Every structure is written in C-alpha cells, then in structure tokens.
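Subject: Structure handover

Hello,

Please find the structure below, followed by notes on what was found in it.

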Amino acid sequence: MGDVAKDLASGTVGGAAQLIVGHPFDTIKVKLQSQPAPLPGQPPKYAGAMDAVRQTLAAEGPRGLYKGMGAPLATVAAFNAVLFSVRGQMEALLRSQPGAPLTVNQQIVCGAGAGVAVSFLACPTELIKCRLQAQSALAGSTSASLAVKYGGPMDVARHVLRSEGGVRGLFKGLVPTMAREVPGNAAMFGVYEALKQFFAGGQDTSKLGRGSLIVAGGLAGASFWFSVYPTDVVKSVIQVDDYKNPKFSGSVNAFRKILASEGVKGLYKGFGPAMARSVPANAACFLAYEVTRSSLG
C-alpha cells in the first residue's frame, strides 16, 4: 500500500475509535454551549455538566447522549482520512530525505495545513450535529425558528438546503470552524510529537509502547481544546442561531455579545465535558491510528 492509502485507512480507524468514545461528552458540551441565557432571576436550563447528563437521560434515555452521531459517523472516515492524509503529505514535503523524522515545529506546520483542509468537511458536519444535539437545550426559546424539530441528519440537511440559503447554508460558521481547526490541529500534532520524542528520549519514536502513545494522544487532544475552546463556543452558537431572526451578525459579533452578556465564563460553557472527552477520545484515536498504520507496514 502507498503511504496515502495507509494514512486513509489508519485515519478512518482512528476516527471511528474517537467518535465512539467521545460523542456523549460532545453532546453535553453542545447542550451547555447552546442553551439560551436565562432571564434575570431564573436559573439556566442546565446547572452544569452532570445536570445536563441527568436531564438528557431522564428525557431521552441513553440514546440521547448519542444524538447527532449519524452525521459525524457518516463522515468520520472522510474527515480523519483527510486530516491524517494531508498531514502525511505535508510531512513528506518537509522531510529532508525519505524516512527522516520531523521536528516538533515541522509537525505544528503539518497540523495547521491539515486543519485548513478538514475545515471544509467539518463545517457542514458540525452544523448538522449541533442542530440535533441542541434541540432540547433550545426547546424553551420563544423563537419559532428554533422550535423546528429535526428527524435526523438528513432532515437537518434538507431543511437547511430548502430554507437557509441552499448549499451556502451548510457552511454557516466556516470562519470559526477554520479558526478552531487550524490552530487546534497545529497544537495537537505539535504536542503529540513533542511528548512522543520526550518519552522516546529522541526523535526516533518507532519503539514506543501503547501506554506512551495513549498518554501522548490524550494530552495532545486536551491541548487542542485548551487552545481554541472559545472559538468552538462561537462556532456552536452561530450554527444553531435563528436563520430568519439571527442574534449574531458574525463571529466577532457573537464573541462580543457573549462576552458582554455572560463575561469570560460564557466563552467556556461546556469546557468541562470537552476536556473530559478530549483525553480518552484522542487517546483512542491516536492509538488506533498508530496501531493500524504500523500493521500496514
């Protein structure tokens, strides 16, 4: 198999592992991010992450934690295949000679380039996922548009294509998606390589055990969210915003309004579940990727 095919296959397996482990955490994150600000003197819909879990289980059962999984599951192969393949091709371009290890700074560049590529695939997938995940959090809104009930991923896509500007509507939130994916992946792949080299005691990381890969992958995933979390909040609120009567005119406007109404805390809604998700989900992703890649030769 060629290197591109190996990266495609390994990225697919890694992405599936990441999604299965991490989706329930992601559902709670989006619910917390997208719940409307409470009226003065009233409590928010969810008091915190555990309250969101309890309410979701009570109202929707365990399946509620996996709501919206259809869209990312359908595209997880393509997403991670693109991510790891573009990263692999950039590695090849930056190597001084075939097989030569890359520096941490070179891996940061590779991660940023991969982030640009996956942004165009991530944006419509995230929009569909967030609409499904946020339905119950937005149920109390007085806006008629937010009362739309979606039957599944395809129903969201049809509604957006029909009523929200066609294909362009599926790319609502592309700017904050790119602002998340580019620096986030740069940080993630840079931290991953730095930790692998630290554990290996040098640039040759081919002999690392699975335990080291799990730790490196988990901490690398945490670095992604730690570096870009406010951008993800902006992306989520824009993607679930009312198309006909929007609260926000753009990314900067959303950032300013959240900061003005809720303070810095508003930019970190759902941060706990995101960080709790990132470690096991990305540990699973990188381990599955490395094991699959190694087995393909």
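S223 is buried, because its relative accessible area is 15% and the cut-off for buried is under 20%. This is a predicted model, so please read the values as computed from it.

S223 is found in helix α8, which covers residues 210-239. A polar atom of the S223 side chain lies 2.5 Å from the backbone oxygen of A220. Leaving aside residues up to four places away in sequence, S223 touches A187, M188 and V191.

The other element to look at is helix α5, residues 153-163. Its buried residues are V156, A157, H159 and V160. Seen down the axis of α5, these buried residues fall within an arc of 165 degrees, so they line one face of the helix. In general, an α-helix has 3.6 residues a turn, so residues three or four places apart point the same way. What do the buried residues of α5 pack against? They pack against α4 (104-134) and α6 (167-170). On the other side of α5, M154 and R162 are exposed. After α5 comes G165, with a positive phi near 95 degrees.

Over residues 208-295, the chain in the model is 76% helix and 0% strand. The end C-alpha atoms of that stretch are 15 Å apart.

Regards

How values were computed:
Residues numbered from 1 in each chain as written. Predicted model: local features only at pLDDT ≥ 70, side-chain atom pairs only at ≥ 80, totals over all residues. Heavy atoms only, no water. Helix = DSSP H or I, 4+ residues; strand = E, 2+ residues; numbered from the N terminus. Buried < 20%, exposed > 50% of the residue type's maximum accessible area, 1.4 Å probe, protein only. Polar contact = N/O pair within 3.5 Å; in protein donor to acceptor, adjacent residues only side chain to side chain. Contact = heavy atoms within 4.5 Å. Arc of directions from axis to C-beta.
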